[in-house]
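These are my notebook entries on a single structure, kept in the order in which I looked things up.

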Amino acid sequence: MQENTTNEPSYPATLPAIAIRDVVMFPHMALPLSVDRPKSVAAIEAGLAAGRLILSLAQKKPGVNDPAAEDLYAYGVVSSISQSLKMPDGTMRVFLEGKKRVRVLKIAPDAAGAFLSAEVEYPAETEKKGAELTALMRHAAELFEVYVKLGTRINLDSTAFLQQQEDPGKFSDIIAANSSFSLADRQEVLETEDVSARLEKLIKLLSKEVEIMDIEQKIHGRVKGQIERSQKEYYLNEQMKAIQKELHQKDDFSKELDELKKRIKAARMSKEAEAAAEKELARLSKMMPFSPESTVCRTYLDWLTALPWSVETRDEIDLVAARKILDEDHFGLQKPKERVLEYLAVCKLTKQLKGPILCFVGPPGVGKTSIARSIARSMGRNFVRMSLGGVRDEAEIRGHRRTYVASMPGRLMQSMKKAKSRNPVFLMDEIDKMGMDWRGDPSAALLEVLDPEQNTEFSDHFLDLPFDISKVMFIATANTLWGIPVSLRDRMEIIDFSGYTHTEKIEIAKKFLIPRQLKVHGLKEGSLKIDDKGIDAVIRGYTREAGVRNLEREFASMCRRAARKTVEQKLENISITPDNLGEYLGVPKFSSTLNSYNALGIATGLAWTENGGEVLAVEAVAIPGKGTLTLTGKLGDVMKESAQAAFSYIRSRELAPAAFVNSHNFHVHIPEGAIPKDGPSAGITIASALASLFTGRPVKANLSMTGELTLTGRVLAIGGLKEKVIASFRDGINTVLYPAANRKDLEEIPAEIKAAMRLRPVERMDEVLEMALEPASAAKPAARGGAKKVRSRS
């Protein structure tokens with residue numbers, strides 16, 4: 001190893017330092033620089049005063065305005081200030097010339113804190129003399145020449161000057177100074193003291209840059225060729241058009257344009273839409289037939305001409321015919337039918353549909369969607385359905401803007417295209433199942449759709465034109481109102497669809513479900529017979545629902561078994577009774593025994609779900625402890641608070657000795673723990689179970705209850721009373737305690753159920769305990785739990 005010792009001027013050990021952004025200074029490199037930071041201006045002035053020398057250091061992060069020592073690289077270049085000019089605004093223009101590579105030992109502000117001062121040392125460049133170094137220089141020179149030819153930002157004089165250099169260190173620094181490497185790569189080259197290693201790094205970086213630039217040249221050539229080919233095709237197409245014009249012939253593109261023009265006229269759009277369509281058609285006629293822009297124009301014009309701008313169906317509002325159609329298609333549902341007929345009567349008198357939007361709310365399978373189809377049939381209108389379940393993107397409603405790739409109208413406009421008229425019956429199914437995320441809120445987009453004052457000019461993002469949807473009859477369906485935002489709910493009139501009674505289900509099965517399934521499964525009318533008792537057994541043993549969807553599935557399963565027997569055993573008449581029902585449907589899914597297990601510490605409550613009413617048990621036990629309450633059964637926050645309120649009320653009544661209460665913990669459990677439960681209406685049920693445990697008086701059999709309880713013992717109103725009473729009746733529990741404030745809801749309960757049930761209104765918890773608990777003479781000692789269950793008997 002030899003040191004390259006040349007006669008060079010001596011440089012000071014301490015220099016003022018200037019931080020340079022985005023540029024790495026090299027020895028033998030000239031750099032014009034605009035200096036505006038106060039510390040940098042002070043450093044330049046200090047350098048001018050001290051031999052016109054300054055230390056140039058690259059800044060690690062260009063965004064730092066006031067760099068400290070840790071923000072600067074440890075290697076830099078001593079530079080001479082060959083020219084300087086002070087500007088009126090205090091900034092400077094300087095011209096620096098790199099002299100020598102330095103290593104920074106220490107850097108800190110000067111005594112006055114005006115600029116950074118650095119203590120430096122000057123590393124000696126080492127090089128290996130011989131053929132290897134010469135080969136590295138030649139290879140680097142060849143690569144740099146190719147790099148210069150491929151690039152357009154480097155002066156060609158650099159290569160001529162480079163060929164005259166014999167000093168390897170200066171040779172490598174000139175290449176690095178004239179190359180467009182990244183800041184980190186240039187700094188790495190600067191910090192490499194060994195000349196051979198520096199040349200090897202330069203060769204790697206140049207090879208990489210040459211490869212990238214070569215690929216860029218190929219891409220540029222390919223794009224240029226495509227542009228030239230497109231221009232050639234355009235020129236030839238124009239020539240062909242001219243020839244065809246002389247020969248009175250038209251090409252396919254011209255025929256397409258003529259067809260689009262006819263479709264625009266035939267669509268009878270609004271003036272604004274027609275003007276936009278003609279403008280788009282004019283743009284299309286000037287485009288290349290197979291260009292991407294022409295495809296976008298075609299798609300837009302196809303959608304504009306396919307929408308029913310002026311197509312309407314004639315309304316035939318006949319209340320007698322409408323009543324007949326509704327009765328033909330649906331059994332029961334008197335309240336929804338009456339409301340629909342009232343709505344149609346108003347429409348007939350006012351000759352318009354502006355008004356509240358109907359929203360059918362009820363459990364699955366009660367006929368919400370099918371009654372909407374019947375409304376369309378009774379009015380002579382087209383019917384279209386749009387499912388909103390799981391929709392999370394506002395663009396699903398309003399459409400995507402045409403600036404996006406593969407954009408298209410929203411589902412509303414797509415459905416209007418399918419409807420083929422501007423006044424269909426439009427069903428928005430599962431409106432309570434919409435979501436919301438970072439892509440927008442679709443329920444907010446529906447506010448304009450369902451507002452009669454705004455939807456005369458509904459604007460889809462794709463069409464970007466007003467479209468009148470005020471003549472559309474919108475009907476929404478939902479299982480619950482909880483999932484519908486208040487602002488959207490305010491634009492709709494709610495019509496409740498409660499569950500069917502047991503008698504209604506039997507009639508629906510005989511008139512609708514069984515005949516439909518016989519037809520679907522290829523069975524002749526009369527080939528499968530099932531009497532009322534058989535239908536009753538199917539309803540009680542195989543379904544637990546408010547609607548009839550699962551009931552129809554059971555009949556479908558029955559028909560499949562019957563079809564197989566008909567084919568295999570050549571049977572012509574099959575009769576199904578409760579005795580042989582298991583051969584067709586298997587073991588009953590639900591027990592026919594009563595669901596009231598009232599006993600010591602056990603009470604029966606009533607709950608409302610999306611599927612209708614449900615009967616559930618509340619169990620309470622006492623175990624040795626310190627008077628705390630434990631709740632299980634996957635309860636929601638509201639139900640937990642209701643249970644805490646019930647526990648506090650029962651304790652305040654001092655129904656059991658304080659010694660017993662303070663020496664036991666109390667565990668309340670609502671079975672079927674995997675099913676989430678929430679709501680306040682179980683308050684009096686939980687309180688009754690705890691009161692039974694505290695007093696030792698069992699809860700009376702054949703009794704259920706529902707109601708919210710306050711800390712002072714008041715019983716508050718609840719929702720879903722009709723569904724809860726139907727559930728209690730379905731399970732054979734004939735006595736129901738309900739809040740007195742819900743007397744108004746008794747009108748909704750079918751007369752046959754009210755006649756068979758004992759419905760007892762209560763205002764305070766004292767009344768509940770008096771009606772629900774056995775007399776004190778039947779009291780048992782306060783138990784730790786595990787009381788024997790007593791099944792209710794009718």
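Which helices each supply at least two residues of the lining of the second largest pocket? Before answering, I note that the model is a predicted one. I found that α12 (368-379), α17 (502-520) and α19 (549-569) each supply at least two residues of that lining, and that the largest share, four residues, comes from α17.

**Entry: the second largest pocket.** I looked up the volume of this pocket, which is about 510 Å³, and then its lining, which is made up of 23 residues. Gly365, Val366, Gly367, Ser370 and Val548 are the lining residues that lie nearest the centre of the pocket.

**Entry: strand β11.** Is β11 enclosed or open to the outside? I checked residues 425-429 and found that five of the five are buried, so the strand is largely enclosed by the rest of the structure. I then asked which way the side chains point, keeping in mind that in a regular strand they alternate between the two faces of the sheet. Val425, Leu427 and Asp429 point one way from β11, while Phe426 and Met428 point the other way, and all of them are buried. I noted with some care that Asp429 is among these buried residues.

**Entry: the partners of β11.** I next looked for the strands that pair with β11, and began with strand β10 (residues 383-387), which pairs with β11 in the parallel sense over five bridges. Within this pairing, Val384 has Phe426 of β11 as its bridge partner. Strand β14 (residues 473-478) also pairs with β11 in the parallel sense, here over four bridges, and Met428 stands opposite Ala476 of β14.

**Entry: aromatic rings.** How many aromatic pairs does the count come to? I recorded eleven aromatic pairs. One of them joins Phe660 and Phe666, whose rings are 5.9 Å apart from centre to centre with 65 degrees between the planes, and this pair is edge-to-face. I also checked how accessible these two residues are, and both Phe660 and Phe666 are buried. Ring pairs link Phe660 and Phe666 with Phe647 and Phe694 into a cluster.

**Entry: charges over rings.** Lys60 lies over the face of Tyr73, at 5.9 Å from the ring centre, and Lys417 lies over the face of Trp303, at 4.3 Å from the ring centre.

Notes. Residues numbered from 1 in each chain as written. Predicted model: local features only at pLDDT ≥ 70, side-chain atom pairs only at ≥ 80, totals over all residues. Heavy atoms only, no water. 1 Å grid on protein atoms, 1.4 Å probe; cavity = no way out; pocket = protein on both sides within 12 Å on 5 of 7 lines; lining within 4 Å. Points joined across faces, edges and corners; volume = space filled by probe spheres on them. Phe/Tyr/Trp six-rings, centres within 6.5 Å; stacked < 30°, edge-to-face > 60°. Buried < 20%, exposed > 50% of the residue type's maximum accessible area, 1.4 Å probe, protein only. Lys NZ or Arg CZ within 6 Å of the ring centre and 35° of its normal. Pairing = 2+ DSSP bridges.
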